[in-house]
Amino acid sequence: MSKFQFARIDRLPPYVFAVVNDLKMKLRRAGEDIVDLGMGNPDLPTPKHIVDKLCEAAQNPKNHRYSQTKGLYKLREALALWYQRKYGVELDPESEVITTIGSKEGLAHLALTLINPGDVALVPTPAYPIHPYSIIIAGGDVRSIPLLTDEGTFDSEVFLESLIKAYKESWPRPKVLILNFPHNPTTATVELPFFEKIVDFAKENNLIVIQDIAYAEISFDGYVPPSILQVKGAKEIAVEFYSLSKTYSMAGWRVGFAAGNKEIIHALYRMKSYLDYGMFQPIQIAAIIALKSDQSCVEEYRKIYERRRDVLVEGLNRIGWKVEKPKATMFVWAKIPEKFQSMGSLEFAKMLLLDGKVAVSPGIGFGEYGDKYVRFALVENELRIKQAVRGIKRAFEKYGLRNINV
Ligand SMILES: Cc1ncc(COP(=O)(O)O)c(C=O)c1O
């Protein structure tokens, strides 16, 4: 028995992605060429003009001091301009926007700000782990809502019904609802009327809505993901998290934002003022440039993801693994072929790694409802993705499968 007790850590399940990662590292050390479509860690470089600004700002000793918890005003203003430009949403940079050290830090500390032991949060499942576990770490309880139908599709009406039912069946009444559209890992998307219904319901029931819009700029075939803040009155109950990690390939820089309800933003600021002094200032200055300068890099990167999506989905379909093209995100969420479903997603992912030399994320890592799926991240180039498809074909053939159908 351990000498110490870590009650919060004990509430966290084992990190299943580590199993695939460890095996991947072992194979690589043994000289295998693994195509890594596991973690959603963008491979594209941050555009040069943003890196150049960072280097320049880092030379100025003024930028070496503590910065501000809320983030530089100009950075908050740049985010407000992004909302105005993209969504026609007006935000007051002073009271309705705060910067966070990546949206993950913001989500975690917002949960700590809002949740008291015993408070309940509604979280769709499968989920990006910080969405449910920020609540668990804060000492709250999670009520999961299945995001997909039994057939594996997303139907916003069915989901809304499940959400309302879960709310009505919970006691104490849930305090918070966490949404994430476009969704990681399932790639589910919604239209604005969905958010209108959510806002109506939340206002009626005094429910706080946290919406994560990390993939706002990575959408395909003309689809534009809506922001919950476009809904009139949303600011009464909602905050939305945005991040520069994916849009500008700045994952390692840790630049995120929360925007919306003043009272919640202020509470998050109060919490963070005890915890951090904001990001390194040169990073903030470069982030302002990212949001305010020429946006052609955003379109360039979006197109790269779109082509990778096409190569992967068309390739998988060609070898008989039927998957749909997602309308947004940098992921493909694929139902495990029938023949392999009883293995569960972790064993299936290990099989793809050992026999196909391709790393993917097992769906179980996103919650119980994910176990019939794996998630591909579009973080290698088109040639490597083609190589991955060939590897998967070889793996399937080893088990006697040719042109399988899910
Ligand atoms: C839905 C979602 N939210 C947040 C994040 C993390 O963003 P950040 O790098 O800003 O912490 C990710 C990263 O994969 C994500 O998929």
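**The ligand site**

Tutor: Start with Asp212: an N or O atom in the Asp212 side chain sits 2.6 Å from a nitrogen atom of the ligand. This is a polar contact, a pair of N or O atoms within 3.5 Å. The model is predicted, so local features need pLDDT of at least 70, side-chain atom pairs count only at pLDDT 80 or more, and totals for chains, interfaces and linings use all residues. Residues are numbered from 1 along each chain as its sequence is written, and side-chain values use heavy atoms, without hydrogens or water.

Ser243 brings a polar side-chain atom to 2.7 Å from a ligand oxygen. Lys104 uses its backbone: a polar atom there is 2.9 Å from an oxygen atom of the ligand. Of the accessible area that the ligand has on its own, 400 Å², the protein covers 94% (Shrake-Rupley method, 1.4 Å probe).

Step back to the shell. There are 13 residues around the ligand (a heavy atom within 4 Å). Asp212, Tyr215, Ser243, Ser245 and Lys246 come nearest.

Which helices contribute? Helix 5 (102–114) and helix 9 (244–247) each give at least two shell residues (helices are DSSP runs of H or I, at least four residues). Helix 5 has the largest share, with three residues.

Finally, the wider chain. UniProt, in an unreviewed entry, places "domain: Aminotransferase class I/classII large" at residues 33–378.

Notes: A polar contact is a pair of N or O atoms within 3.5 Å; within protein, one must be able to donate a hydrogen and the other to accept it, and residues adjacent in sequence count only if both atoms are side-chain atoms. UniProt positions are given in the numbering used here, feature names are shortened, and annotations may be inferred rather than shown by experiment.
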